[in-house]
Amino acid sequence: DIYYQRMAEATTGIVAVFCRAYRRPFVFALAHNYNCKPDLPALPRRRDKWLYRYGLRHADAVISQTRFQQHMLRKHFDVESVVIPNCGLDLANAAQEAEDKANQPTKRVLWIGRFSREKRLDILLDVAERCPDVQFDVVGDTDGKQPAMDALKAQAQHISHIRLHGLVPHSKIACFYHKAHLLLCTSDDEGFPNTFIEAWSCGVPVVTTFDPDGVVARCTAGAVAADASGLVSSMRDLLQSQHWRESSQRARHLFDQHHTIGQVTQHIEQLILSLAR
């Protein structure tokens, strides 16, 4: 009855054509800031760009992840959208574990992502070299097609306090959050990272170079920094036991207030019902 498609691609236009032909409502949802940039950097072929723009213009409803995306869509594509935040599974473990984690002598920082240019693995390596007393767990891998990323991976393998775990099935990812004191994000650009939501559900603060709609800084569910030096300073501050406990509580509160499946699906349900009518 209603078609929903997410992420900018040629499929967006194809679904829009189908829905117009068969008189079905079409909902499109953004998955990244790239989806609302005028040059559409993630779509190298002109055909795909054209199909995406067609689908975007002919969607009955468009969902943005953030107010920034909403503004960019309006500015560059003259398309209105509704902001509905991302949701995620509650991956939290027992509260006692959080208390035990605060008192652990060895602090652990988690980094999750694909090894690509915009994820800035080089910043992670810079941070790790300045924090030899911190254990870094890295989940992700290269696709084998980017020599620069392969070189950074090889460099990481020679840093003793970085452990590369490779690609991990999502069903097994919770254990990494349970062990981590902080989630580190070094990206240039994102949408609204699911990793933030998963970390917050476990009471894990986020230290990041990218802050969607300024939520990390505003809710103090971690810290925001512009470069490696700032990240190191923020990590050192947050890893102090009392600061960590307070930030951990705020992170969990943020998840409970805005990113549970129950809360977010209420907004999606209202949108679907409005289209159904």
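Modeller: A residue is called buried under 20% relative accessible area, exposed over 50%, and partly exposed in between (1.4 Å probe, protein chains only). This is a predicted model, in which local features need pLDDT of at least 70 and side-chain atom pairs count only at pLDDT 80 or more, while totals for chains, interfaces and linings use all residues. Residues are numbered from 1 along each chain as its sequence is written, and side-chain values use heavy atoms, with hydrogens and water left out.

I start with the sheet. Four strands make up an open sheet, ordered β1-β2-β3-β4, with parallel pairing (strands pair if DSSP finds at least two bridges between them; strands are DSSP runs of E of at least two residues, helices runs of H or I of at least four, numbered from the N terminus). The edges are taken by β1 (3-6) and β4; each has a single partner strand, so one side of each lacks a neighbour in the sheet. Between β3 and β4 there are two bridges in the parallel sense, and Ile-63 stands opposite Val-82 in β4.

Helix α1 (residues 10-22) lies across β1 and β2 (26-29) and runs at about 170 degrees to β1 (axes are lines fitted to C-alpha atoms, for helices over the stretch in contact, with angles from 0 to 180 degrees between N-to-C directions). Helix α12 (residues 261-276) packs on the sheet as well, touching β2, β3 and β4, and its direction makes about 170 degrees with that of β3 (contact means heavy atoms within 4.5 Å).

Helix α3 comes next. In α3 (residues 67-77) the buried residues are Gln-69, Gln-70, Met-72, Leu-73 and Phe-77. Viewed down the axis of α3, these fall within an arc of 165 degrees, so they line one face of the helix (the arc is that of the directions from the helix axis to the C-beta atoms). Their cover includes α2 (46-58), β3 (61-64) and β4 (82-83).

Now the charged pairs. The structure holds 15 salt bridges (a side-chain nitrogen of Lys or Arg within 4 Å of a carboxyl oxygen of Asp or Glu). Arg-74 bridges to Glu-80, with the closest N and O atoms 3.0 Å apart; Arg-74 is partly exposed at 36% relative accessibility. Arg-45 and Asp-48 form another bridge, at 3.3 Å between the closest N and O atoms. Arg-45 is partly exposed at 48%, whereas Asp-48 is buried at 9%.

A further bridge joins Arg-117 and Asp-188, whose closest N and O atoms are 3.6 Å apart. Arg-117 sits in the loop between β5 (107-112) and α5 (121-130), and Asp-188 in the loop between β8 (182-185) and α8 (194-201), so the pair ties together parts that are 71 residues apart in sequence. Arg-117 is exposed at 51% and Asp-188 is partly exposed at 41%. Through shared partners, salt bridges join Arg-117, Arg-120, Asp-122 and Asp-188 into one network.

Last, His-181 is in the loop between α7 (174-179) and β8. His-181 is buried, with 1% relative accessible area. Not counting residues up to four places away in sequence, the contacts of His-181 include Lys-101, Thr-106, Arg-108, Val-204, Leu-239 and Trp-244.
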